[in-house]
Amino acid sequence: GHYISVDTSYEGEKAVLSSPELYTEEWSCVRLIYQIATTSETSPDPARLNLYLRQEGESFDRLLWSAKEPSDSWLIASLDLMNSTKKYKIVLEGEMGQDKSASIAVFEIKITPGYCIECDFEENHLCGFVNRWNPNVNWFVGGGNIRNSQSILPKDHTLNSELGHYMYVDSVYVKHFQEVAQLISPKTTAPMSGCLSFYYQLKQESSIVFTVYLRDTSGFYEEIWKTDSALSADWALAEVDFNAPYPMEVIFEVAFNSAKGGYVALDDISFSPVYCSNQTGMRTPFNPAEAGCNFEEDLCNFYQDHKDGPGWSRVKVKRNVYRTGDHTTGFGYYLLANTKFTSQPEYIGRLYGPTLPGNLQFCLRFYYALYGFFKMSGTLAVYIFEENHVVQEKIWSVLDSPRGVWTQAEISFKKPMPCKVVFVSWCKSFWDCGLVALDDVSLSLGSCQAADLLLPNPGECTFEKDECVFTQKKRGRGIWHRRRGPTPTSYTGPKGDHTTGVGYYMYIEASNMVYGQRAYLVSKSLRGTSGKQCLTFFYHMYGAGTGLLSVYLKKEGDDEEIPLWRRTGEQSISWLRGLIEYESDRNYQIIFEAIRGVSIRSDTAIDDILFQAGPCLEVEEIQFSSGYPDSLNEIEY
């Protein structure tokens, strides 16, 4: 047969292969059979194969999958495509990297309706299911009317004939007590929950244990099904509720006790997004968004115990140059504990989150800022409160952090029973009491480490690793610098970035520039689409001599740059959110331009740029403004 491979004679370029326009209203599965081969041991910049989803109306392609592991045989990758009403294309991209000896080849790409976890074992790729090799017991393909094969069963389940195939495991070669054979499904790549069903046959002379497990990326096993009947001479249907909010594998495991154990056969694994019929009613899967809050409107699903008194209050700081505002927008609401109303010693403020279901892996993220403490450690802590027994387990507490900077904390946890997250702020003695601020609490499924391995959101740039889609346009000597921590000049520039408080941002260093000098940060060419787009970013303009920050849209083929947004002069000591709604049916670039102001206290910074398809959900009152309002430094309680 034929395969397709990347031409290696173009160094440093990417090979791109695009599908025709596709449209599937139901879930479908993309299966890719590929190989990356190399003779070199390790390469700092290895060859890589990427697969993107290019959706109609989006300026960015979404990276669905990426591989760089070399192998000496064909490998299979299975990717779930969620149901969508948009047309899309699948784009394959080969990057050769610096490895001269590498080659990238693709043998087959197939999009089939249904879920990747489903399989009837009729095709030789077995849908990406793999047997974990064991010297004595293994899963084999049975059936297919191969005379010499040890096909145990007269008929498979799919075709109900001797020509059909199924998987089986046999005890003939069992040498030891408790030998185990495992058949492992491809990893789920999109959140799914519903009913997993399969057909099996089991013949036993001594005890066989047939179990189905879920295994997450950290290797944690959870049993979801076990055979109860001793025998089933014909194909029996098994159904089990299946919940995979983050990537999981399904493992079919058979354990034998002796060589006369018998056999297990398996066929027709399928999945339905509705929970199995024996369940009473539909269970709505847990939505982690309900356990987060940015405190802009209210406390969401958080609450305080009245016994504690008013520990946490929702406050808002107007834009000013002395006191930091909230993390969400820079001029919204956040929570403050130990305010002037409550700073008596031995005071405790507790904030309870909503009840979370047990047996799920969670990642909790939030931002905190501390002011005026003599000793930092222990002033803010997070506890897990299990519902059934009144035990509180401390899972995090603040050690030390830069004062007055919104710093991100992230904590992974998993509890067997339903539980609540509780934020506790306390002050031991009057001299120790300062202010504790809390904002932007979010909860996601899966561990925080697993979330870090996820593929990045294409239209997002946090400047943590590099400048993403942006490049410098170096006219004159105005340069955007990537930096972490405070800027060198006092009374200007941010103390930390907006993403985590300890990460990177882009800024202009005014002491290296002259008054009126410009610095440009230009995006690569972005795909034009019909309909509105929304650009969100954070900017920091603090310093008595601050100049201008402008955002322009430049359409392909036009010389002029259309001004979208501008701020002039000092704005706030906080990171402020900028929102821009724009549209362009032609390919276009977005340009950030900073102009140095009258003095060296003119360090302007930007961070956390996000492009989204569709109109902005909120509207910014003013696109072009100068100066800041008069009402500086009022705090609204």
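Guide: Begin with burial. Buried means under 20% relative accessible area, exposed over 50%, and partly exposed in between (1.4 Å probe, protein chains only). Here, 51% of the 637 residues of the chain count as buried. This is a predicted model: local features need pLDDT of at least 70, side-chain atom pairs count only at pLDDT 80 or more, and totals for chains, interfaces and linings use all residues. Residues are numbered from 1 along each chain as its sequence is written, and side-chain values use heavy atoms, with hydrogens and water left out.

Visitor: How many helices and strands are in the chain?

Guide: Helices (H or I, at least four residues) and strands (E, at least two) are DSSP runs, numbered from the N terminus. This chain has 1 helix and 40 strands.

Visitor: What about salt bridges?

Guide: Look for a side-chain nitrogen of Lys or Arg within 4 Å of a carboxyl oxygen of Asp or Glu. By this rule the count is 14. One of them joins Glu 618 to Arg 577, with the closest N and O atoms 3.0 Å apart. The partners are 41 residues apart: Glu 618 sits in the loop between β38 (604–613) and β39 (624–626), Arg 577 in strand β36 (residues 576–584).

Visitor: Is Arg 577 buried or exposed?

Guide: Arg 577 is buried, because its relative accessible area is 13%. Glu 618 has 45%, so Glu 618 counts as partly exposed.
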